[in-house]
Amino acid sequence: MDMQQPRHQKLTRYIVPLREGGSLPALAEADDGFKYVVKFRGAGHGTKALVAELLGGEIARRLGLNVPELVWLDVDSRFGSTEPDEEIQDLLKASRGLNIGLHFLEGAITLDPYANDVDPLTASKIVWLDAFITNVDRTVKNTNLLRWHSTETWLIDHGASFYFHHSWTPWEKAALTPFAYIRDHALLHKASRLDEADMLGRQMLGGDFLTTLTGLLPDDLLTGDNFPDSPDDTRKTYAAFLEKRLENSEIFLTESKNARRKLI
């Protein structure tokens with residue numbers, strides 16, 4: 001499958017920290033003239049959050065969901081040097097090198113899962129996605145969904161996905177979890193077409209897509225004390241986890257359907 005690496009740009013201007021994010025992302029401008037919401041490697045979960053951002057975002061895009069363009073962004077020693085906040089300065093120093101950013105959606109607002117319309121199939125695909133990638137961070141309190149151009153639903157922030165990689169529990173066991181946290185999903189009440197979403201997911205993510213996707217992860221994000229294996233072996237683990245989870249999607253599909261029945 002022909003799948004290209006994200007574009008690679010250099011950050012040139014630190015605009016403002018986005019303090020509503022637990023990992024202290026920021027709005028910044030790159031040398032292409034565009035603004036990005038930047039996720040920094042020096043934040044709490046390190047490069048694992050960047051790995052999850054890329055994998056989760058590109059899987060969502062493959063499913064036909066709206067995701068801002070993901071771009072590799074370089075931070076050098078001069079970036080943010082005028083920022084007076086010592087906490088932010090420390091974060092930027094720890095983030096020199098490769099980071100990731102999402103194209104900033106000017107004028108977008110947070111989606112209200114009860115006040116805003118989301119069609120049942122889109123809602124079902126989002127619920128299915130988050131159960132598939134074990135994303136714990138799409139709740140009513142923090143939807144990580146945006147409304148753009150009045151009617152479009154956009155997905156952001158998949159950094160809390162793939163939580164098995166924080167302890168490297170046996171991936172085979174993690175791949176078969178029903179993902180009980182789906183009961184707290186912001187769009188579960190709208191997800192009335194989960195069987196169709198499962199069928200589409202199994203079709204769209206089959207073949208060599210998942211292996212190709214994990215192959216995009218650069219060595220630089222897969223090294224250090226938090227990764228016990230070589231970058232090549234770590235890429236294979238992520239691919240194997242996703243492939244096994246896809247093959248056994250009925251496990252988390254059933255959990256999602258049962259949680260929805262209890263909800264409605």
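Me: Where is Leu 253?
Reply: Leu 253 sits in helix H8. Helices here are DSSP runs of H or I with at least four residues, strands are runs of E with at least two, and both are numbered from the N terminus. This is a predicted model, in which local features need pLDDT of at least 70 and side-chain atom pairs count only at pLDDT 80 or more, while totals for chains, interfaces and linings use all residues. Residues are numbered from 1 along each chain as its sequence is written, and side-chain values use heavy atoms, with hydrogens and water left out.

Me: Is Leu 253 buried or exposed?
Reply: Leu 253 counts as buried, because its relative accessibility is 8%. Buried means under 20% relative accessible area, exposed means over 50%, and partly exposed is in between, with a 1.4 Å probe and protein chains only.

Me: What is Leu 253 in contact with?
Reply: Leaving aside neighbours within four places in sequence, Leu 253 is in contact with Leu 194, Asp 195 and Asp 198. Contact means heavy atoms within 4.5 Å.

Me: Zooming out, how many helices and strands does the protein have?
Reply: The protein has eight helices and eight strands. Its radius of gyration is 18 Å, close to the 18 Å that the globule rule gives for 264 residues, so the protein is as compact as a globular protein of that length. That radius is taken over C-alpha atoms, and the rule is 2.2 Å times the number of residues to the power 0.38. The C-alpha trace spans about 55 × 45 × 35 Å along its principal axes.

Me: What share of the residues is buried?
Reply: Buried residues are 52% of the 264.

Me: And of the contacts between residues at least 6 apart in sequence, what share joins residues at least 24 apart?
Reply: The share is 75%.

Me: Charges next. How many positive and negative side chains are there?
Reply: There are 30 positive and 39 negative side chains, and the centres of the two sets lie 4 Å apart. Lys and Arg count as positive, Asp and Glu as negative, and His and the chain ends are not counted. Each charge is placed at NZ of Lys, CZ of Arg, CG of Asp or CD of Glu.

Me: Back to H8. How many aromatic pairs are in the whole structure, and which parts does the Phe 132 and Phe 252 pair tie together?
Reply: A search of the whole structure finds 15 aromatic pairs. The rings of Phe 132 and Phe 252 have centres 6.1 Å apart and planes at 40°, so that pair is tilted. Phe 132 is in helix H3 and Phe 252 in helix H8, so the pair ties together parts that are 120 residues apart in sequence. Rings of Phe, Tyr and Trp (its six-membered ring) pair if their centres lie within 6.5 Å; planes under 30 degrees apart are stacked, over 60 edge-to-face, and the rest tilted.

Me: Why do Phe 132 and Phe 252 count as buried?
Reply: Phe 132 is buried because its relative accessibility is 0%. Phe 252 is buried because its relative accessible area is 1%.

Me: Which residues do ring pairs link into a cluster?
Reply: The cluster holds Phe 162, Phe 164, Trp 168, Phe 227, Tyr 238 and Phe 241. Phe 164 and Trp 168 are also touched by Thr 237, as is Trp 171, not counting residues up to four places away in sequence. Thr 237 is in helix H7, residues 231–247, and counts as buried at 16% relative accessibility.

Me: Now the loop between H3 and E7. What is phi for Thr 134 there?
Reply: Phi of Thr 134 is near 50°, a positive value in a residue other than glycine. Thr 134 is in the loop between H3 and strand E7 (145–148), and is buried at 2% relative accessibility.

Me: What about Asn 144?
Reply: Asn 144 has a positive phi of about 50° although it is not a glycine. Its place is in the loop between H3 and E7, and Asn 144 is buried, with a relative accessible area of 7%.

Me: Last one: where is Leu 111, and what is it in contact with?
Reply: Leu 111 lies in the loop between strand E6 (109–110) and helix H3 (120–132). At 2% relative accessibility, Leu 111 is buried. Beyond neighbours within four places in sequence, its contacts include Thr 143, Leu 145 and Arg 147.
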